[in-house]
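This report concerns the salt bridges of one protein model. Please consult the sequence and structure shown here before reading on.

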Amino acid sequence: MSNKIGEIAGVVQKTQANQKYLFGTIPSDKVKNVTFVPVNESSSRKTPLNEQTEEGYQRPGSLSRMRAFARFLKDHPNSIIPPILLSGRGNWHFKPNGERQEVGKLIIQEKAAILDGQHRLGGFVHLYESEDDVREISFILLPDLDPEEEKKEFLVVNNTQKGVPKSLTIYLEDTEEAQVAWGLNEEADSPFNGKITKTTLQRSQLFNLASVAKQVKRLFAIGGVQDLDVGQKIDFMSRFWTIIADHLHEEWTDIEKLDDPEIKGSRRNSFEYKLLELTGLIAWAHTGAHIFSRSYSEETGMNWDNVSRLVEAASEINWRKNGDYAGMTGEYGGKIMADDMIRLLPPESAETGLHQALS
């Protein structure tokens, strides 16, 4: 047990069939030192978490998504967050307390791999590093998986369909589009969490529910994505806008102004870019419908690598409010911007080659 890098008390050990697992909590100021994400490539923009590429199999995390979750944690301090899932790889050793064989402590010799919850965990760490706000993070540990077993477990966890958010069981709008729009507001890791309203638009919000619902319908208007259920559409739209936020990082920083107490008057009027105006939402709904139709298959699901590639291409317009589309707003401006964005999408032949390379 030499080379110990950490210790966690108050841990409970259980067994499911032949699988041992442990659960406990760890403070957010300690968790970074004892965990890592096994990624298949390093993040283009550094996240708050450790990454290892050797035998990695996960995509790098999204910094904007982690920051969005940190904002959720800050705004909802009483929320109960689901536990993250860790793999100890034989390096987290359970030591029982006396006669109580199910309760004890974990002796940590090496970092554990993060199997599920890297964006939640990144949000906790970002909140600590930016605000010195320490929170207890719930975790479940699978102690003895080897890397291949770990990868299989990761695929099982991440291929399980997300359920309809619990908020939708309490409040359901008349249309499916409204349910999706409200789900984007309620999901903790949605880029639009807390930014959509059913009533009067507040200074810290972006859109009203009816406006978002209209663009949901437009985004899912072509091909097999029309038949996805509400939970899938929430997940797809959230991931789509997370990709947009990552590719247009500077433009996305306008969202931080919504919570800036130093800004007097309408905070939305202080935006430098059109991305987070209704015009931007409309432009991406038009463009996204084409991107989804070129990336989705009922047999294999959404090719998110292709979505990212097409979003990157379509992003190359001038998003400044005083730029090429100055004075063009709403449906009119959004359609003009979308027409230019769609023209920037690479031809089908190049995309077909990518699909073949990935298959």
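The sections below describe the basis of the model, then selected salt bridges.

## Basis

This is a predicted model, in which local features need pLDDT of at least 70 and side-chain atom pairs count only at pLDDT 80 or more, while totals for chains, interfaces and linings use all residues. Residues are numbered from 1 along each chain as its sequence is written, and side-chain values use heavy atoms, with hydrogens and water left out.

## Salt bridges and network

A salt bridge is defined as a side-chain nitrogen of Lys or Arg within 4 Å of a carboxyl oxygen of Asp or Glu. This rule gives 21 salt bridges. A network of salt bridges links E250, D254, K257, E272 and R320.

## Links between distant parts of the chain

K233 and E176 form a salt bridge through their side chains, at 2.7 Å from N to O. The pair joins distant parts of the chain, 57 residues apart: K233 belongs to helix 7 (residues 230–247) and E176 to helix 5 (residues 176–186). Helices are DSSP runs (H or I, at least four residues), numbered from the N terminus. K233 is buried, at 5% relative accessible area, whereas E176 is partly exposed, at 31%. Buried means under 20% relative accessible area, exposed over 50%, and partly exposed in between (1.4 Å probe, protein chains only).

The side chains of K214 and E331 also meet in a salt bridge, at 3.3 Å from N to O. These residues, 117 apart, connect distant parts of the chain, with K214 in helix 6 (residues 209–219) and E331 in helix 11 (residues 330–343). K214 is partly exposed, at 45%, and E331 is partly exposed, at 32%.

## A pair within helix 11

D340 and R343 form a salt bridge at 2.3 Å, N to O. Both lie in helix 11, three residues apart, or about one turn of the helix. D340 is partly exposed, at 23% relative accessible area, while R343 is exposed, at 62%.

Methods
Helices (H or I, at least four residues) and strands (E, at least two) are DSSP runs, numbered from the N terminus.
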